[in-house]
Structures are given as structure tokens and as C-alpha cells.
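Hi,

Here is the structure I said I would pass on.

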Amino acid sequence: MIFTPEMQAYLDASQEELKQLIRDLCAIPAPSHHEEKRAEFCKKWFENIGAKGVFIDEALNVVCPHYVSEDGPVTVFMAHTDTVFPDLEPMPFVETEDTFHCPGVCDDTANLAVMMLCAKYFIQHNIPGKTGIVFVANSCEEGLGNLKGCRAIANRYGKRMESLVTFDGHCLHMVVHHAVGSHRYQVTLKTEGGHSFVDFGKPNAIAVLSEMISQLYRIQVPTEGSSKTTYNVGTIQGGTSINPIAAQAEMTYASRSDNRDCLSQMRQQFHTLVENSSTSQVRFETELLGERPCGGDVDKKKQENLLKRCETLIKKHTGKAPKRAAMSTDCNIPLSLGI
């Protein structure tokens, strides 16, 4: 499809509507797993502009199908409704002459508004695509949302998806083409505890967990070619006060990699260390908080064609060719499925 003068005229005429839509969306809190109000707003907005068959699915995705047949191929365009911020009350919005300031406005509220207004053009001008088009205001992209929204879209459309494009962040100098996978854990360590004077010598959960963290930070990350693999302890807590020997301590730990084999090796090293640290007096409990897959076996020719289209359009409108980068986004899911 060619970008036409009529499309440009529509975009030029829609700038004030776009700004107001961003303001309206920013006023609706939407932390991961609590996107209900923003989802309902988006559904009503799509219906008000004439879209048919719009629905909110079990993952709180707002799904707007356009020329989608029962079994035909589809192209998915999405932007996520959730913000990384946990607030359930409206967040401060400050508007200057040329900038909007609000938690989450760049990630991903502004992109959501842009995607919705582009969908409006296709819907109101009754323009079909080469395949059916599915516009999605998706949930749970951030953090421990664990890409629940995109997983639900992949389950719904599966291999019917010819391609998927997600608009995320504000970096027009970059196109994400490679998935960074991750494993996220909460580790809880429990001991008998006791009094720091009377029971001196018994294992202290904080001390044992601290030693385990030191061992984690001595792990040599695997490499394969130009791959990158990382790890991080994000939080640690434990004990009740200064007098008792700590009977419990907890941490959150994550490993990331843009290579499936390296990520698998990191998982194995983590579990081996946990098992080796357990004794009759020290018990570990691990909970997998989130798992994001790396990329799968994608058709390289199709992937390259899509990348070049995106890069050409971005260069046309910004004057600079974007760089390619590996990151963790909603695209982890389709890429892992070979889409």
C-alpha cells in the first residue's frame, strides 16, 4: 500500500484530535493486569468512529478487526495500554508548548493514540489491506505483565498472522528486530531462626542469601557469536528486627539473553546453584515470576522485507536511517513462533 497525499492530509488535520486523545488516555491509570478502564475507553472510542465487531478479550486486549475473514490471514498492528507505573489514581499531566509530560506517555500512551487514529482512517475510508487487519490495544507488555496480551493474540490468530508490528517507546532511530528473552524469579530462603545471642551460630537467612547472591555474581555468562547475556538481583529483603536471627529472606533475580541456548544455560546454572545451596537447615523456594521467549525460526526473507519497509518509511519522515536493535517487547511472542 502506498502512502498517499490523502493520508498525509488526514494526519495534518488530525493533530489536535491526536493531542486530545493522548490527554484522555493519560488520565486513565492502567498498570499491568489492571487495564480495565483504559480498555473500556478504547473499545467505546473504536465503536464511536464506526468500527464493527470490536471486543475486549480475556486478557483485556481491545481487538478491532478490519476486513478479517473467519480463516483468512491477518496482519496485526498493536500498541500496549499498560504502563510500568503501578498507580491506580490519575497521574500528573503537565503540558508545555511542545511537550507532554506524564508517567507512561512515551511508553506507550502516545503510540497507542497514534495507532488508534491510523485505524480510524482505514475504518472510516473503508480501506482493505492485502490481508485482514487487526488493530489491538493490548495489555500486559510491561514487566511482570509477562506479555499476556500478546500471548492471547497469538493464541487467537496463530499462524494466520502474516506479520505483526508493535509501536512501543519513542525511539524513532531504532527498529527492534531481535527478541531478548528473560527468566524472572522470586527466591525465598527459610531457616529455623532464633535469638541472636542464645542461638548464635544457627544459619541466618540473610547471610545465606547474601552468599548465594555473591555466587550468582561470579557466574560467567555464556556467549555464542555476538550474543549478549545478563543477570541481575533487583530486590532483597528479610528478617524482622535487629535481635532475631533472620528466619526468612527473599530476592528477585532475572537473567536475559538474545540467544535461546545462552538463556537456557543461565536457567540451568541458576537452578543448580539453588539446589547446591540447600541443606537440612536451609530451605529454598523458587517461583517463576515471568518468562519471555527469545526469537524462533522466522522466515528471514519475510523478516528482512518488513524491516526494510519500516526503515524506509522512518528515514523518509525523519531523514535518518534507524539502527536495528535487540530488545524485549511484545514482538518476543510472534518472533518465538516464527512469525
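Glu-95 is partly exposed, with 41% relative accessible area, and its salt-bridge partner is Arg-23, the closest N and O atoms being 2.8 Å apart. Arg-23 is also partly exposed, at 22%. This pair links distant parts of the chain: Arg-23 belongs to helix H2 and Glu-95 to strand S4 (residues 94-95), 72 residues apart. Before going further, please keep in mind that this is a predicted model.

Helix H2 (residues 15-26) also holds Glu-16 and Lys-19, three residues apart, so about one helical turn separates them. Their side chains meet in a salt bridge, with N to O at 3.4 Å. Glu-16 is exposed, with a relative accessible area of 53%, while Lys-19 counts as partly exposed at 33%.

How many salt bridges are there? The count comes to 14. Another of them is formed by Glu-311 and Arg-324, where the closest N and O atoms are 2.5 Å apart. That one again links distant parts of the chain, from Glu-311 in helix H8 (residues 300-318) to Arg-324 in strand S15 (residues 323-327), 13 residues apart. Glu-311 is buried at 15% relative accessible area, whereas Arg-324 is partly exposed at 34%. There is also a network of salt bridges that links Lys-190, Arg-283 and Glu-285.

Now for a charged residue without such a partner. Asp-57 sits in the loop between strand S1 (55-56) and strand S2 (62-66). Asp-57 is buried, yet it has no salt bridge. Leaving aside neighbours within four places in sequence, Asp-57 is in contact with Val-63, Ala-152, Ile-153 and Arg-156.

Val-63, one of those contacts, is found in strand S2. Val-63 is buried, with a relative accessible area of 0%. Not counting residues up to four places away in sequence, Val-63 touches Gly-53, Val-54, Phe-55, Asp-57, Val-134, Phe-135, Ile-153 and Tyr-157. Ile-153 is therefore on the contact lists of both Asp-57 and Val-63, with contact meaning heavy atoms within 4.5 Å. Val-63 and Asn-138 are 75 residues apart in sequence, but their C-alpha atoms are 7.9 Å apart in space.

One more element to look at is helix H6 (residues 205-216). H6 has 12 residues and reaches 16 Å from its first C-alpha to its last, close to the 16 Å expected at 1.5 Å a residue. Its buried residues are Ala-205, Leu-209, Met-212, Ile-213 and Leu-216. These cover an arc of only 100° around the axis, which puts them on the same side of H6. What covers them? The list includes helix H7 (260-277) along with strands S9 (181-190), S11 (229-238), S13 (248-257) and S14 (283-292). At the start of H6, a side-chain oxygen of Asn-204 reaches to within 2.8 Å of the backbone nitrogen of Ile-206.

Best wishes

Definitions and conventions. Residues numbered from 1 in each chain as written. Predicted model: local features only at pLDDT ≥ 70, side-chain atom pairs only at ≥ 80, totals over all residues. Heavy atoms only, no water. Helix = DSSP H or I, 4+ residues; strand = E, 2+ residues; numbered from the N terminus. Expected span 1.5 Å × (residues − 1). Buried < 20%, exposed > 50% of the residue type's maximum accessible area, 1.4 Å probe, protein only. Arc of directions from axis to C-beta. Polar contact = N/O pair within 3.5 Å; in protein donor to acceptor, adjacent residues only side chain to side chain. Lys, Arg positive; Asp, Glu negative; His and termini not counted. Salt bridge = Lys/Arg side-chain N within 4 Å of Asp/Glu carboxyl O.
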